[in-house]
Each structure stands twice: as C-alpha cells, then as structure tokens.
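The sequence and structure are shown first.

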Amino acid sequence: MSNTPAYAAVSAGAELAAHAIERRQPGPHDVEIAIRYCGVCHSDIHQVRDEWGGSVFPMVPGHEIVGTVTRVGDKVEKWAQGDTVGVGCFVDSCRTCAACEDGEEQFCEKGMSATYNSFERHDDGTLDRSRPTYGGYATRIVVDENYVLRVPESIALERAAPLLCAGITTYSPLKLYQVGEGDTVAVVGLGGLGHMAVKIAKAMGASVTVLSHSPNKRDAALKLGADDFVATGEENAFDDHAGRFDVIIDTVSAGHDYNAYLGLLKRAGVMVLVGMPEPQLISAGSLILGRKRLAGSMIGGIAETQEMLDFCAEHDIGADVEVIPVQDINDAYERMMRGDVRYRFVIDTASFQAD
Ligand code: NAP
Ligand code: ZN
C-alpha cells in the first residue's frame, strides 16, 4: 500500500523516476511534514551512483527538506500543525551513546539513521534493516519530533532548504576552528557547499578567498561576498598563494591533490575536508613542514543545526537557488556534474502534481 509520491533510483546509476513509497502513520512522537522544497546535494549523486559503496535501492534521495507540519502524534510537544520546519541529513540515532549525548548525533556509535539510503530503528536503538529510510524527493515525510528543525520565518523557504545540509556542513567546521575577524579563509570549490561557506565565513568576520578550478566563477564569487578569487588551474597559483590561509574548507567532489592545497596553509593552519571524492594520497611532508593540520567534518548535530539556522536568519543568509520541477532531476544531476548550477538546485514539491 504505497501512500506517498516520490522519485527514486531503482538501481545504482539508474535515472530517477516516479516511484510511490509507503510512509508510516505518525506514531505518538512523530511529526508528519508536507514537503515544500528539497535541495539537491552532490551526496545524492554519489549515493545514487553507489560511489561510496553499500547503497540501498530503490533509493529516494534528498536531505535538504523544508515544509509544513500537517499532523503530530499525541505525545509531540515541540511542534504543532502549520509550523514551518526542516529535516536534514538524519532522522534518528540511538540517543544513548557518547556522541548522541554530546549532541553529535551524526556520529552516533550505532550509526545514525540517515534521511535516506539508511534504516529506521528498533525500540532498543539498533538499526532495523527491514525498514529503509526514504528522503525528500517526495511529497511528505514522517519524522520523530526530536530530529526536526525550526526554520526561521525570515528566510525564504526555497533558500532555507540547502541550509539543512550545505549550510550546517560548512558552519560546523568554521565554528569549531573559531573563524572570525582577522582570519584568512579559503573555500575550495564554489558549488552548493562552497557558496554557503563563503556566506557564513564572511558573516563570521573572516576574509574569504574562493579557490576554483577554472576562472569562470570569478565575478560570481566576488558578487557573493568573497574578498578574493584564485583560479587554481592557472600557472603559479599554488606558488603565488603559498602560506596564506589560516583555514581551508575543501568542498570539492572530485579527486584533486590535497598536498598542493596544504601548501597554501599558514604555519599550524588547518585544512578541513568536507567534499568526499575517491581516496587521495597524502604525503606526510605536506603536514610536517609547517605543523599543518588536516581534518574532516560531517554535517552537524541537531542543536548545532538549529544554531546555524538562527545564525543565518540573524545575518540574512539564504542559499542562492535554482528552483526546478522534480521531473528535471536527471538533467539537474548532469548539470551539477558539469558545474552548471548557481549554486543549488531545489525541487519544488508542487511539481509532483504534474505526474
Ligand atoms: P557541488 O555543488 O557539485 O560542488 C562541487 C564543486 O567542486 C564544484 O562546484 C566545483 O567547484 C568543484 N569541482 C567539481 N568537479 C571538479 C573537478 N573535476 N575538478 C575540480 N573541482 C571540481 O557539490 P556539493 O553539493 O557542494 O558537495 C560537494 C562535496 O561535499 C561532495 O563530495 C558531497 O558529497 C560532499 N558533502 C559532504 C558533506 C559532509 O558532511 N562532509 C555534506 C554534504 C556534501 P569549482 O568550479 O569552483 O572548482
Ligand atoms: Zn548533502
């Protein structure tokens, strides 16, 4: 008994197509959300194409979800019908491990229930492998009330959707490494994550340089608020800017030489990988000379995601989006692979009515 129109890939690399799914009836602690918009993240492409291994099919991607609460379970205290809410990259976790206790549910020791390509949980907190999760390329979703975010009214809804992944993924390391006035930050890759990193790092007070693989995005980067732009494909780019940055946020989805970028860090600077291409070789010398640090970061916990949404509202930050009907999703993936998006595709769920 399927009750929810969605778009799914039925096997690795398959085109997405209309595919009805079954959502559970809201339980006592659940919130049912009519999805209004869902952002399209490069992680959707990696997982649909099974580039990280272990993908579960059929797969309904989408983890940048905003919408309106339509029903709540009788024990729900935080939400009411009509609330404007968001759902990000996970919909549950064990709630008892050290990471969950620390509000870092994304690192749940029993494995978070990712919003899609993952599983719901048994009552004891373990993953229930008979119940896959399905994401936001759908008309509605049912989520435990503790994994729902409040979307500030001042951010246009379609511009808020990408904050649920691209926003928190860049906010979290910028905050952790205490980026602020006087810091020089480089953002590598000006896509969905990269453009959010520019806006957030600027709002934190840093001087921001975009490092892009071609010269094409120079004007756009400066218009977004970046202070400087470097086309990394140009001769001498890595020599000319050696030792310049306190923090580098690397959002690139394709393989590239991390050693070269580490050369752009100041002494004891930190480069944070958030983009997840195939494995790359790192030479110890790139870190040892200059006591440099290489780190990774993955989205953020629920409390920090709410903090990021409120920060964005306070600083008048939303994503720059191109709204598309869901029927255009395969074309949108191809355009993202070509870097032809400024800077996030967002699916308008009203378009499902056309199928
Ligand atoms: P996106 O919008 O497609 O942007 C990726 C950017 O990488 C492109 O705009 C491009 O920037 C650069 N790039 C792409 N192909 C390249 C190539 N062949 N050579 C050099 N540069 C290239 O992707 P996104 O949604 O921002 O996601 C970026 C990455 O972050 C993905 O790997 C995604 O899975 C990952 N991600 C991680 C997390 C996390 O929690 N860690 C969360 C979300 C996403 P330029 O044109 O400016 O060079
Ligand atoms: Zn994402």
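This is a predicted model: local features need pLDDT of at least 70, side-chain atom pairs count only at pLDDT 80 or more; totals for chains, interfaces and linings use all residues.

## Interface between the domains

Domain 1 is made of two segments, 2-165 and 318-354, whereas domain 2 covers 167-296. To the contact, domain 1 contributes 15 residues and domain 2 contributes 17 residues. Taken over C-alpha atoms, the centres of domain 1 and domain 2 lie 28 Å apart.

## Polar and charged pairs

Eleven residue pairs, with both residues at pLDDT 80 or more, are in polar contact across the interface of domain 1 and domain 2. On the side of domain 1 that touches domain 2, there are seven nonpolar, four polar and four charged residues.

The count of salt bridges between domain 1 and domain 2 is one. A salt bridge is formed by Asp 320 and Lys 199, with 2.6 Å between their closest N and O atoms.

## Cysteines without disulfides

Zero disulfides are found in a search of the whole structure. Cys 38 takes part in no disulfide, and the nearest cysteine sulfur, which belongs to Cys 41, is 9.7 Å away. Cys 38 is buried, its relative accessible area being 0%.

For Cys 94, the closest cysteine sulfur is that of Cys 108 at 3.7 Å, which is too far for a bond because a disulfide requires the two sulfur atoms to be within 2.5 Å. Cys 94 also counts as buried, at 8% relative accessibility.

Technical notes:
Residues are numbered from 1 along each chain as its sequence is written. Chains are lettered from A and ligands numbered from 1 in the order in which they are written. Side-chain values use heavy atoms; hydrogens and water are left out. Domain bounds come from an automatic or database domain assignment. Contact means heavy atoms within 4.5 Å. A salt bridge is a side-chain nitrogen of Lys or Arg within 4 Å of a carboxyl oxygen of Asp or Glu. A polar contact is a pair of N or O atoms within 3.5 Å; within protein, one must be able to donate a hydrogen and the other to accept it, and residues adjacent in sequence count only if both atoms are side-chain atoms. Ala, Val, Leu, Ile, Met, Phe, Trp, Tyr, Cys and Pro count as nonpolar, Asp, Glu, Lys and Arg as charged, and the others, Gly among them, as polar. Buried means under 20% relative accessible area, exposed over 50%, partly exposed in between (1.4 Å probe, protein chains only).
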